[in-house]
Structures are given as structure tokens and as C-alpha cells.
Amino acid sequence: MKVIKFGGSSLANGTQLKKVLQIVKDDADRRIVVVSAPGKRNDSDEKVTDLLIKLADEVKNKEDHQKTLKTILKRYQDIVDELEIDPSVMDIISKNYEKLIQTKFYNELYALDAYKASGEDNSAILVAAFFNKEGIPAKYVNPKDAGLLVTDNPGNARVLPESFKNLYALRDSKEIIVFPGFFGYTKDGQLLTFSRGGSDISGAIVANGVKASLYENFTDVDAIYVANPKMVKHPKKIKQLTYREMRELSYSGFSVFHDEALQPAFSAGIPVVVKNTNNPSAPGTSITRTKPENKQIVSGIASSTGFMSIYIGKYLMNREVGFGRRVLQIFEDFNLNFEHMPSGIDDLSIILRANQMTMQQEQELLYRLKNELEADDVQVKGGICLLMIVGEGMVNSVGTVAKACTALAEADINLEMINQGSSEVSIMFGIDEKDEARAVKVLYDAFFPAKKD
Ligand SMILES: Nc1ncnc2c1ncn2[C@@H]1O[C@H](COP(=O)(O)OP(=O)(O)O)[C@@H](O)[C@H]1O
Ligand SMILES: N[C@@H](CC(=O)OP(=O)(O)O)C(=O)O
């Protein structure tokens, strides 16, 4: 049995849905279809999820929401019309939205998640109706009925382990299951979403639950490329990656596959393949526990912006027992996640995502760090980009850091930070955000030089 997930780009209009149907028909093992909300039809279009966030905001602020609601309904209506699906589906979807808008939520974050999730929920209802109309017996299954349970973290829910056992029952269905991605329910029955792009996570959870032989993730590119195709022209394709390589690359910018989607697949040993809905015969990229050794030391180069660093300097820091714990306690008091913590004998830096704090919180944090730790110096720097070079081959090879540093130095790109060693398969550099695209390009040229004829 295979679990197959289609992203928003594969569900953006009727033409895309016809491709989805054909892909499902092509392989009798494709029994569970996890769907996203309709995505962008072209570069200037809006994702339904983004429209729903806008709608939630308008309803919350008691602003006029009719235009946004109409735009959302039209996205579904256009698909229903193009595919000549029974118009009663549109009545169901419209009623779902009427009901949602009338619902009084006592927690704004729960409300936002309910709006966001409705994009995938209605998409699954529509896809199931389309399959049935085309003679493929299919049924929509709600994550609550299937027992997909999550933690109580709005917009950032995590799966609860008992979900996997509950989901096993999906194997028994005679019909193809169409399952909405992106959300689950707490034990108290509250709907909550995963983080953005989280339909990939739902697909991996369902694949784990039903003990799938393969998790196929269909998107709009022929493969995962060694660098983001928006930054490097025609980058090389990757045939195979290990789970840990993919996790590092997704975490640091390869948005094509969600980093949290690796663990459920990994823990059940389920191979993942990323393929193109627009070109399904292309082999795509496989993600597996191990991969055959090859000459390629670096597998991919990723980058991600939006980070800040907080530097703390204090003479004899290394001799002060409990210093690190006190630093982290202050961060915990502000409910801040941190990503990295490079350190020296008299200084340490904390790298964190900048969007976690307001200016005022930042000022309060700096004040506490300086005073409670009696630090000599506390400085903050925003606008940091993390560059990640990833490859299993780096474990047994020398010279990767030197090669990367040379390429960056020759391009006059200043390194704010280097972090090598904690993860065997990656090297991380902190640079100024303005240098991001140039840095990815020079590293690509250094590690994937064009073949000379
Ligand atoms: N290294 C990479 N390889 C392939 N695609 C990448 C990479 N990095 C970023 N992407 C982007 O990821 C996009 C696919 O992910 P996404 O937009 O989430 O698709 P979907 O709508 O199918 O979920 C691609 O169109 C591409 O722009
Ligand atoms: N629709 C949600 C979840 C998702 O995974 O979407 P997509 O498969 O289009 O990346 C989002 O935009 O975040």
C-alpha cells in the first residue's frame, strides 16, 4: 500500500486534478491520497491558505470579509465547473464556510487554525467527489474520525504517538481514501494545524500509521535539486538522499519537503519519493535510511533567512559554573526557541529566528542578559542568513570547509559564524542576508562545477 500526497500546486485547478486522477489510476497500490488546499495557479496568484488567513483576520476584526470569502469560494467553484463535478459539492463547501464564519471561537489561535485547515478539508471533499464521478470509488476521511491526535500547540501542533495505531485501520478501506493534510485534533477534540507546509507531515504520519511500502510526495518539480532553483539556474537533480540529509536541507530552506515530515517516515523505515505531478514518469528523488556511496561529497546547499544573533561576552565565562544554564533560563522565560549556540572561552552567541520577538521584548531580553549575567558586552545583530552545506560524504573527507570558505572569500562574502562538527552531515555558515543569493551561487559553482567538454 502506498500513501500519496499532492501539494497545493497539484490541486490548483481542474487541469491539475485530472493529472492527479491519472496518477492515482496508474498504480493500484496508491490507496490513500493526502491533499493540500488549492495552491497558486501562477506566480502572481494567491494560495487558498493565505486567503483563509486573511479571511480569519477580517472576521476577527469585524471587517468586511465578503470579497475574500467570494475569492475563496470561487477557487473551489472554478474546479467544480471545469471538472463538471456534481454541483451539490459546492453547496457542502459553501455551507461549511457559512458555519465556520458563524462559529464563535473563544481563542483566536484556535479560530485561525480552523480557518486554515478548512482549505485542505474542503479540498479533500472535492477530490473525493471528483474521483467518484470518474468511476474511482473514493471516500473523504476526517482526521478526527481517523484518530490523528496532536499536541495543543496552535499553528505548530505535533503528532501524538497513539495516532499511528489509530490510523492503521485506514488499511481496511475498500475505497480510496482522500485525507485532508495539515491538521489533526487534540484529545479534547480541538482542531489544530501543523506548521505551514504541514500537509507533508500528515502524509508521513498516515504512511507510518498504515505501514505503507512507500510515501510518494507529488509537487511541481522533477526532483529535489542540489540548490533552490529560484537561486541557481538549472541546478543538478538529486537522485537519492538519506533522511538526515533531507532533514538538514529542509530545515535550512529546501521548502519542497517539510523537515518535520522526515521523522514519521524514518521511524517506520518508509522510503519517501518526491515526484512531479506535471511529469510523473520522471524518477524524482528518493529519500531512504542509507544510500550507496558515491563520489559526490556534498549533496545539497540550502539557505534560510530571518535569523538574528545575540552575542554575550564576559571575561572568564568558561570558569563560571552554570553560566550557560542561566543564559538559557532567560531565553526560556521569554518563551524563545533557539537554533544554534556557537561559543568560545569568553563569549557565546545564540542564533534564533527573529520573528519570535517584538522590539520591546528584545530590549527587555538584552537588559536581563546584561544585568543578570553581569556580562561585559551584549550585542544583537539581525538580518542573518544561515547557509547549510549538507552531505553524508563529508564525514570521511577533508577540505570541504576550506573549499567553501575560499569560494565565499573570493566573492567577498563575510562569514559571521561557522558551525561544523555537531552534525556529521552538515556545515553551517552565518552570513548577511543581502549576500544570500550570491553565496548559494558561488558554493554551487565550487561544489558542482560545470563539466568541461
Ligand atoms: N532544492 C530544491 N529543489 C526543488 N524545489 C525546491 C528546492 N528548494 C525550494 N524549492 C521549491 O519548492 C517548490 C515546491 O514546494 P511547494 O511550493 O511547497 O509545492 P507544493 O505546492 O507541491 O506543496 C518548488 O517549486 C521550488 O520552487
Ligand atoms: N496549505 C498549507 C499546507 C501545505 O502543506 O500546503 P502545500 O502542500 O501547498 O505546501 C500551507 O500552505 O501551508
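## Glu-120 and its surroundings

Leaving aside neighbours within four places in sequence, Glu-120 is in contact with Val-35, Ser-36, Ala-37, Pro-180, Gly-181, Phe-182, Phe-183 and Ser-199, where contact means that the C-beta atoms of two residues, placed from the backbone, lie within 7 Å. This is a predicted model, in which local features need pLDDT of at least 70 and side-chain atom pairs count only at pLDDT 80 or more, while totals for chains, interfaces and linings use all residues. Residues are numbered from 1 along each chain as its sequence is written, and chains are lettered from A and ligands numbered from 1 in the order in which they are written.

Glu-120 lies in helix α5, helices being DSSP runs of H or I with at least four residues and strands runs of E with at least two, both numbered from the N terminus. Glu-120 counts as buried because 29 C-beta neighbours lie inside 10 Å; a residue is buried if 20 or more other C-beta atoms, placed from the backbone, lie within 10 Å of its own, exposed if 12 or fewer, and partly exposed in between.

Thr-49 is placed in helix α2 (residues 48-60) and counts as buried, with 24 C-beta neighbours inside 10 Å.

Ligand 2 is surrounded by 15 residues, of which Gly-7, Gly-8, Ser-36, Thr-49 and Ser-199 are the closest; a residue is taken as near a molecule or strand if its C-beta atom, placed from the backbone, lies within 6 Å of it. By class, this shell has two nonpolar, ten polar and three charged residues, where Ala, Val, Leu, Ile, Met, Phe, Trp, Tyr, Cys and Pro count as nonpolar, Asp, Glu, Lys and Arg as charged, and the others, Gly among them, as polar.

Around ligand 1 there are 18 residues, and Gly-7, Ser-9, Thr-219, Asn-228 and Val-256 come nearest. The shell of ligand 1 has six nonpolar, ten polar and two charged residues.

## A further annotated set

UniProt, again in an unreviewed entry, places the feature "binding site" at Lys-5, Phe-6, Gly-7, Gly-8, Thr-219, Asp-220 and Tyr-225. Asp-220 is in the loop between β7 and β8 (224-225) and is partly exposed, with 17 other C-beta atoms within 10 Å; leaving aside neighbours within four places in sequence, Asp-220 is in contact with Ser-9, Asn-276, Thr-277 and Asn-278.

Tyr-225, by contrast, lies in strand β8 and is buried, with 21 other C-beta atoms within 10 Å. Not counting residues up to four places away in sequence, Tyr-225 touches Pro-235, Lys-236, Lys-237 and Ile-238.

## Domains and the nonpolar core

The domain assignment gives domain 1 (2-288) and domain 2 (300-447), with bounds that come from an automatic or database assignment. Their centres, taken over C-alpha atoms, are separated by 33 Å, and 15 residues of domain 1 are in contact with 17 residues of domain 2. Helix α9 (residues 243-251) contributes the largest share of the side of domain 1 that touches domain 2, namely four residues, and by class that side has eight nonpolar, four polar and three charged residues.

The largest nonpolar core has 122 residues, among which Val-33, Leu-126, Val-127, Val-178 and Ile-301 touch the most other members; such a core is a set of buried Ala, Val, Leu, Ile, Met, Phe, Trp, Tyr and Cys residues joined through C-beta atoms within 7 Å. Helix α5 (residues 108-133) gives the most to this core, with twelve residues, and because domain 1 and domain 2 both give residues to this core, it lies between them. Leaving aside neighbours within four places in sequence, Leu-126 is in contact with Tyr-76, Ile-79, Val-80, Ile-85, Val-89 and Ile-93.

Helix α8 is mostly covered, with eleven of its eleven residues buried, Ser-199 being one of them. Lys-211, in the loop between α8 (199-209) and β7 (214-219), has a positive phi near 55° and counts as partly exposed, with 14 C-beta neighbours inside 10 Å.

Asp-412, a residue other than glycine, also has a positive phi, near 60°. Asp-412 is found in the loop between α13 (400-410) and β16 (417-420), and with 9 C-beta neighbours inside 10 Å, Asp-412 counts as exposed.

Methods:
UniProt positions are given in the numbering used here, feature names are shortened, and annotations may be inferred rather than shown by experiment.
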